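Try each task before you read its solution.

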Amino acid sequence: MENRPVKILSAEVARKIAAGEVIDRPASIIRELLDNSVDSGAKNISVELKSGGIESIRVVDDGCGLTKDDLQVCARPHATSKIQSDTDLLNLTTLGFRGEALASIAAVCRLSITSGQWNMKASITEDHILTPCSAVNGTIISAQGIFENFPARRVFLKRPATEASACKQMFLEKALPRPDISFRLKIDGKDIFFLPKNQTLSQRFVNAYSFSEPLELFHELKAEESAETAGKKNWSFTLVIGSPDVNRQSKKDIYIYVNGHRIQEYSLVQAIEFGCQGFFPNGTHPVASLFVEMNPNLIDFNIHPAKREVKFKDSSTLHHGISSTVRAFFKQYTLNEIVEIEKTMPLLPEGIKEEKEKIFRNNSLSALRSHSSMHSIKDVGTNRLYPKTSYTQRSSDISRLVKSVAVDEEERESEPRIIEDSFRYIGATLGTFLLAEKNNTLYIIDQHAAHERILFNAIMENAGQKQPLLVPLTLQTQSNDEDEYLQSVKDNLAEAGFEIEYDTNGVWKILTVPFRYRGNEKTFYEDIIKKRIEPAQILYNVAASTACRAAVMDGDIVSMDKAREIARNALLLEDPHCPHGRPIFHKITREEFFSLVKRT
């Protein structure tokens with residue numbers, strides 16, 4: 001290998017290398033320019049592309065604009081108005097802050113900025129040439145000929161159609177968290193997107209991505225932590241999420257935003273999925289967009305050139321807030337569906353249905369007051385409140401109410417009315433399904449899913465039972481933050497069956513584990529510390545796995561008595577879904593059958 005002397009690179013080469021970390025394709029220019037437009041306070045932003053942005057990109061906004069003095073320095077390396085010292089990096093409130101964007105763009109293409117009564121041109125060969133022009137409100141920025149002066153990188157650009165697609169995705173990414181701003185996109189003279197201002201987050205989300213499902217199936221959930229750091233709330237969030245009818249085979253339609261930045265954060269995606277577990281069809285994922293506002297003191301964006309990654313000081317309470325909010329919402333959502341079904345049941349005495357709804361409302365308001373000390377849950381789309389309540393207690397209240405109203409009805413009538421159990425087991429079919437009739441409705445019941453939910457409920461009634469270990473497991477943490485986190489969730493772990501105690505030098509002893517738990521030190525560290533899975537969720541997973549293995553399978557021959565018992569209990573379940581979210585039965589009413597055979 002030839003020995004070569006160490007030399008300092010020329011300014012031109014150094015700028016191109018530095019620019020390559022920020023600008024690698026036209027979509028990167030869109031990202032940086034839109035960040036600046038949003039930071040400028042603009043209420044209307046327009047983007048125009050030619051040849052997928054390879055030939056030119058033009059961004060027009062009506063923000064605060066730039067002065068002549070600003071234009072003389074704005075495209076030089078490390079020029080920024082958004083921070084003054086390194087301590088400002090710990091309290092960022094803007095999308096852009098590094099002072100690299102315009103300098104990097106000027107290093108790889110021809111940059112032109114018009115604002116006020118001045119136009120500035122900058123490139124690798126031109127250094128801030130200012131000329132007077134007609135007055136402009138806001139700012140017009142043009143970037144032309146990307147990588148013209150950098151042929152080695154230009155060959156890696158894709159076809160214009162491919163680059164245009166990437167630009168569209170970046171445009172939507174920046175437009176999504178700001179429904180208060182109007183965004184317009186034109187490509188080769190054609191209008192592609194127009195997103196008007198003053199939309200709701202759910203309207204912006206559904207319109208931007210043109211989902212086939214209607215807006216009515218999307219809900220906005222809000223929650224916040226009341227604790228404060230440095231005089232500011234630690235976090236709050238709005239989550240736009242589709243109902244279980246809106247599901248996907250992958251996680252590609254789950255979007256995470258923190259303080260306006262789209263980020264790649266597995267733990268927050270995981271928090272949403274934990275909350276959805278048991279409510280979505282098996283193996284499917286929700287469609288959702290999470291918008292977190294976090295105290296800037298608790299988060300660091302200065303770890304990735306494109307701001308795709310962040311470092312949280314501690315995201316455990318946020319993780320818990322997201323998963324518990326989503327879970328509480330879908331529990332209530334499922335119960336509301338059940339109530340709607342029960343409204344149509346013909347054998348209930350008059351007045352019971354209305355009283356049942358009243359109990360749901362009263363319990364919801366009462367539980368909301370006790371829940372609000374941590375955070376509140378609100379479905380903004382329908383203006384309904386979904387508190388985290390005791391659904392077992394609610395079901396018990398309803399059962400007592402039904403009996404009491406039935407007795408009252410009987411006492412008031414000369415001929416007592418009797419509520420009969422109209423359940424009738426018919427038989428098994430196709431090696432998988434059980435057929436039963438109840439209240440003029442035929443139920444087609446998935447025998448595995450039904451048995452799995454019945455067993456799961458029985459297991460969860462004894463959740464938290466502890467299994468002492470003769471030889472405690474030993475866990476070694478990697479940092480003080482991990483020790484602090486374990487200490488903060490120690491009581492929750494104990495409730496779930498994990499009793500732990502601190503020994504010394506980052507060593508923890510696990511004294512008990514939940515009954516049926518088959519994990520070890522490695523899985524405990526992975527689940528509890530690294531993934532920050534809630535202890536209760538681990539219990540859920542263990543119970544679901546145990547019930548799935550023990551339940552009758554497709555094709556199993558089940559005795560008549562056992563099949564009848566499974567079918568009867570399936571129709572009494574509070575939540576007619578298996579632990580993995582699949583529906584337990586499908587029902588067809590007498591009226592629907594008549595309609596199918598064209599009979600009236």
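Predicted model: local features only at pLDDT ≥ 70, side-chain atom pairs only at ≥ 80, totals over all residues.

Residues are numbered from 1 along each chain as its sequence is written, and side-chain values use heavy atoms, with hydrogens and water left out.

**Exercise 1.** Find isoleucine 23 and decide whether it counts as buried or exposed.

Solution. Start with the location: isoleucine 23 sits in the loop between helix H1 (11-22) and helix H2 (26-39). (Helices, H or I with at least four residues, and strands, E with at least two, are DSSP runs numbered from the N terminus.) Next, its relative accessibility is 0%, so isoleucine 23 counts as buried. (Buried means under 20% relative accessible area, exposed over 50%, and partly exposed in between, with a 1.4 Å probe and protein chains only.) Then list its contacts, meaning heavy atoms within 4.5 Å. Not counting residues up to four places away in sequence, isoleucine 23 touches Ser28, Ile29, Glu32, Ser104, Ile105, Val108, Ile146, Phe147 and Arg153. Finally, take isoleucine 146: it is 123 residues away along the chain, and the two C-alpha atoms are separated by 9.6 Å.

**Exercise 2.** Work out which side chain makes a polar contact with that of asparagine 234.

Solution. The partner is glutamate 225, whose side chain is joined to that of asparagine 234 by a polar contact of 3.2 Å. (A polar contact is a pair of N or O atoms within 3.5 Å; within protein, one must be able to donate a hydrogen and the other to accept it, and residues adjacent in sequence count only if both atoms are side-chain atoms.) Leaving aside neighbours within four places in sequence, the residues in contact with asparagine 234 also include Glu293, Met294, Asn295 and Leu298.

**Exercise 3.** Explain why helix H7 (residues 201-209) is described as largely enclosed.

Solution. Count the buried positions: seven of the nine residues of H7 are buried, so the helix is largely enclosed by the rest of the structure. Those residues are Leu201, Ser202, Arg204, Phe205, Val206, Ala208 and Tyr209. Then step past the helix to serine 210, which has a positive phi near 50°.

**Exercise 4.** State the handedness of the crossing of H12 and H16.

Solution. The crossing of H12 and H16 is right-handed. (A crossing is left-handed if the near helix is turned anticlockwise from the far one by less than a right angle, and right-handed if clockwise.)
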